[in-house]
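I opened a notebook page for this model. The entries below follow the order in which I looked things up.

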Amino acid sequence: MIPLLHDFSGRRVLVFGGGRVGARRARTFAREADVVVVSPAFEGGPYGDASLVRAAPRPVDADAWVERVAPALVVAATDDPDLNDAVARAARERGCLVNRADRSGDREAGDVAVPATVRDDPVVVAVSSGGRSPAVSRVLRRRIEREVEGAGELARLTGDLRERLREEQPPERRRAAVRAVAESDRVWKTLGSGTGKAEQIVDEIVSAQLGESP
Ligand SMILES: C[C@@]1(CC(=O)O)c2cc3[nH]c(cc4nc(cc5[nH]c(cc(n2)[C@H]1CCC(=O)O)[C@@](C)(CC(=O)O)[C@@H]5CCC(=O)O)C(CC(=O)O)=C4CCC(=O)O)c(CCC(=O)O)c3CC(=O)O
Ligand SMILES: NC(=O)C1=CN([C@@H]2O[C@H](COP(=O)(O)OP(=O)(O)OC[C@H]3O[C@@H](n4cnc5c(N)ncnc54)[C@H](O)[C@@H]3O)[C@@H](O)[C@H]2O)C=CC1
């Protein structure tokens, strides 16, 4: 499987099953999408700002739900494998993306998997074990959390820097300056301090890199 980032803003996501996993999917997608969770019980919350619909669809009802909600993605997260099968089939027939929480092998073409995710906006890191071991994804996610701390702020700083140098510098010199900042341990150490120190060090590095006096 090949990781891609998908923009769900303005789209709907339909989740079948309101258990622990259905709730996790609702929280994940509610960041961007309008999420609807269908389930006879809601014992796995919180559900973000998803709409909760109390119902117990049968496999024959799956298609009508998918048609009515018209989602970009359908999540099958009930504890009933026959219902999950029907949900996946209905979603596929209507051209929706399909995520099966109860299956990691024998996926069908077009299925999507949900990775373990670390965010420090706008930076996001996703880990998958190819469905073999969510436990490994989870432990790696926890380690990566420590690495990624501050990366969001650094992405903003270097993004601003790139804009600033775009007019003034030819591409190679601009790239070298941005890389020098991103690789700098001095910059990484000051991230998160909120003192303006990072910006000052960025200016020093850029001046040194471009051969200007600060
Ligand atoms: C295929 C996939 C579904 C998909 O694609 O959506 C899937 C499937 C299954 N998970 C199962 C079990 C567990 N899943 C977790 C945890 C997570 N599972 C997640 C993703 C995925 N799980 C996808 C593949 C991801 C990959 O490639 O690595 C994470 C990363 C993201 C998330 O779900 O949000 C999240 C960690 C989040 C984090 O911590 O960051 C734990 C650990 C725990 O809860 O402590 C356990 C119990 C321990 C164990 O069994 O390992 C079972 C067996 C169920 C059973 O036995 O009945 C199946 C079904 C099967 O394997 O058949
Ligand atoms: N992807 C993952 O990380 C994991 C996946 N799983 C798999 O995913 C499935 C769901 O896991 P959990 O949330 O822990 O199970 P759970 O048993 O807590 O939740 C199942 C939910 O499905 C609902 N449900 C039952 N009949 C329904 C119907 N007719 N229509 C809609 N909803 C219905 C139940 O009310 C319940 O809310 C499990 O069966 C297991 O195979 C389990 C653990 C982790």
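How many nonpolar, polar and charged residues make up the shell around ligand 1? I counted 7 nonpolar, 8 polar and 5 charged residues. For the classes I took Ala, Val, Leu, Ile, Met, Phe, Trp, Tyr, Cys and Pro as nonpolar, Asp, Glu, Lys and Arg as charged, and the others, Gly among them, as polar.

**Ground rules**

I noted that this is a predicted model, in which local features need pLDDT of at least 70 and side-chain atom pairs count only at pLDDT 80 or more, while totals for chains, interfaces and linings use all residues. Residues are numbered from 1 along each chain as its sequence is written, and chains are lettered from A and ligands numbered from 1 in the order in which they are written.

**Ligand 1**

I listed 20 residues around ligand 1. Ala 113, Ala 116, Ser 129, Pro 134 and Ser 137 come nearest. A residue is near a molecule if its C-beta atom, placed from the backbone, lies within 6 Å of it. Which helix gives the most to this shell? Helix H4, residues 134–148, does, with 5 residues. Helices are DSSP runs of H or I with at least four residues, strands are runs of E with at least two, and both are numbered from the N terminus.

**Ligand 2**

I then turned to the other ligand. The shell around ligand 2 holds 23 residues, and Gly 17, Gly 19, Val 21, Thr 78 and Asp 102 come nearest. Helix H1 (20–30) and strand S2 (34–39) are the elements that give two or more residues to it. The largest share, 3 residues, comes from H1. By class I found 11 nonpolar, 7 polar and 5 charged residues around ligand 2.

**Domains and the record**

I checked the domain assignment, whose bounds come from an automatic or database source. It gives domain 1 (1–114) and domain 2 (151–210). Their C-alpha centres lie 41 Å apart. In UniProt, an unreviewed entry lists residues 125–146 as "domain: Siroheme synthase central". Such annotations may be inferred rather than shown by experiment. In the model, that span is 59% helix and 14% strand, and its end C-alpha atoms lie 12 Å apart.

**Helix H1**

Which residues of H1 are buried? I found Gly 22, Ala 23, Arg 25, Ala 26, Phe 29 and Ala 30. Buried means 20 or more other C-beta atoms within 10 Å of the residue's own, exposed means 12 or fewer, and partly exposed is in between, with C-beta atoms placed from the backbone. The arc is that of the directions from the helix axis to the C-beta atoms. They pack against strand S1 (12–16), S2 and strand S4 (73–76). I used contact as C-beta atoms, placed from the backbone, within 7 Å.

**Helix H2**

I repeated the check on H2. Ala 62, Trp 65 and Val 66 are its buried residues. Their arc is only 95 degrees around the axis, which puts them on the same side of H2. An α-helix has 3.6 residues a turn, so residues three or four places apart point the same way. On the other side of H2, Ala 64, Glu 67 and Arg 68 are exposed. The cover over the buried residues includes S1, S2, S4 and helix H3 (81–93).

Most residues other than glycine have a negative phi, and most peptide bonds are trans. I looked for departures.

Ala 70 has a positive phi, near 50 degrees. Its place is the loop between helix H2 (62–69) and S4. Is Ala 70 buried or exposed? Ala 70 counts as exposed because it has 11 C-beta neighbours inside 10 Å.

The peptide bond from Gly 45 to Pro 46 is cis, with omega near 5 degrees. I placed Pro 46 in the loop between S2 and strand S3 (51–54). Gly 45 has 16 C-beta neighbours inside 10 Å, so it counts as partly exposed. Gly 45 is 21 residues from Arg 24 in sequence and 7.9 Å away in space, C-alpha to C-alpha.

The bond from Asp 121 to Pro 122 is cis too, with omega near 5 degrees. Pro 122 lies in the loop between strand S6 (116–120) and strand S7 (123–127).

Definitions and conventions. Contact = placed C-beta atoms within 7 Å.
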